[in-house]
Amino acid sequence: MTILVTGGAGFIGSNFVIDWLAASDEPVVNLDKLTYAGNVHNLAPLAGDPRHIFVQGDIGDAGLVGALLAQHQPCAVLNFAAESHVDRSILGPGEFIQTNVVGTFHLLEQVRDYWAALDALAKAAFRLLHVSTDEVYGSLSASDPAFTETHRYEPNSLYSASKAASDHLVRAYHHTYGLPVLTTNCSNNYGPLHFPEKLIPLMIVNAQAGKPLPVYGDGQQIRDWLYVKDHCSAIRAVLAAGRLGETYNIGGWNEKPNLEIVHTVCDLLDELKPRADRQSYRSQISYVTDRPGHDRRYAIDARKIEQELGWKPAETFQTGIRKTVQWYLDHPDWVAQVQSGAYRDWVAMQYGQA
Ligand code: NAD
Ligand code: DAU
């Protein structure tokens, strides 16, 4: 009962594959293009494990995807592969359209062909699970209720627009062809193996390097944070028992302004790895120009997945963020390895420093 995971060398995908193989003997074929965000070192705990088959390639490569499906006969395809960084989508949206929209389309076409040819039993058991984001719902005001699954799609960034397009394609393949799909829309993840361009790992890494901690605008934008392992357990729950064609919002009921997140990271570092001069890492905070079109607030109403599937996060924010900061302190080699040439080019372009 093999599963095919796309984007399994990225932040969430690699956490998912590692957790999957810790809990199950069902092999994983892991298809990842290895963009700047993909890192085979994330999968080091699986080295030599015959249950993990890594293939470098593009979800938009119809020939490759078709051949992998034919060879491995998976009972499910989980699509994590995407361009995922909002700031990069502002500077260059092309790759986002190519992977998130066109790539997802090619993947869906190959999966449809494969699924259509399965025998009745395998056909009934098959699932395509598409991993999406809360950003497709747009931005909330302070008093708006949290996003439910029926909130209208109002994507504001090139990233969220491309993810919204992919969600619509997945939905249409279900309604038009009967493809057995599930879609998840999750809030902001944090945890081990998070690429240090995103807020929390960037703050941890910059703080230790004595660099500024860049807070966009007034730092009062709100995100709803979920520990990555809890996102992975939610995906497993949806795959196992989600109703076909349905979408499930995933979140931790944990809304916080960005500045509070940065303060929390600084306070944990003050405790776990104090600066030599005994000043707080908070003194490194630097307010910088806001992100264009910056969404003000996201919040997930997770009642559907909780009530239908009995899923709940295992971590609170306090336990999850402490584990996360500790993980980065314990893995300086991983951090040094991901700070490759492409990473340094990005930091220079975005923040004007290397
Ligand atoms: P990531 O950027 O860390 O990883 C993406 C992975 O996809 C990388 O390994 C990359 O090499 C791979 N990839 C990119 N283009 C590809 C292509 N054309 N073919 C095959 N592989 C390709 O992203 P992430 O944070 O792990 O996010 C994974 C998924 O979860 C994405 O679909 C994202 O939209 C969604 N999501 C992320 C968050 C979050 O907070 N990070 C929250 C909700 C949903
Ligand atoms: O909501 C889910 C989304 O969360 C996912 O779909 C995306 O793939 C993921 O990247 C994330 O998007 P965000 O834009 O919310 O994440 P990011 O870490 O880039 O930024 C979090 C917040 O912190 C956001 O309000 C912007 C702000 N920020 C970010 C960076 C990198 C800063 O203030 N300074 C920074 O340097």
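Aspartate 224 stands opposite glutamate 255 in strand 11. This is a predicted model, where local features need pLDDT of at least 70, side-chain atom pairs count only at pLDDT 80 or more, and totals for chains, interfaces and linings use all residues. Residues are numbered from 1 along each chain as its sequence is written.

Strands (E, at least two residues) and helices (H or I, at least four) are DSSP runs, numbered from the N terminus. Two strands pair if DSSP finds at least two bridges between them.

Strand 9 (residues 222–227) pairs with strand 11 in the antiparallel sense. Both belong to an open sheet of 3 strands, order 7-9-11, with mixed pairing. Strand 7 (188–190) and strand 11 (255–257) each have a single partner strand, so one side of each lacks a neighbour in the sheet. Neighbouring strands here are turned by 50° against each other on average, direction ignored. Axes are lines fitted to C-alpha atoms, for helices over the stretch in contact (heavy atoms within 4.5 Å). Angles run from 0 to 180 degrees between N-to-C directions. Helix 8 (residues 228–241) lies across strands 7 and 9, at about 75° to strand 9.

**Around strand 1**

Strand 1 (residues 3–6) is covered on both faces. Leucine 4 has valine 29 in strand 2 as its bridge partner. Isoleucine 3 stands opposite alanine 76 in strand 4.

| Strand pair | Sense | Bridges |
|---|---|---|
| Strand 1 and strand 2 (residues 28–32) | parallel | 4 bridges |
| Strand 1 and strand 4 (residues 76–79) | parallel | 4 bridges |
| Strand 9 and strand 11 | antiparallel | 3 bridges |

Definitions and conventions: Chains lettered and ligands numbered in written order. Heavy atoms only, no water. Buried < 20%, exposed > 50% of the residue type's maximum accessible area, 1.4 Å probe, protein only.
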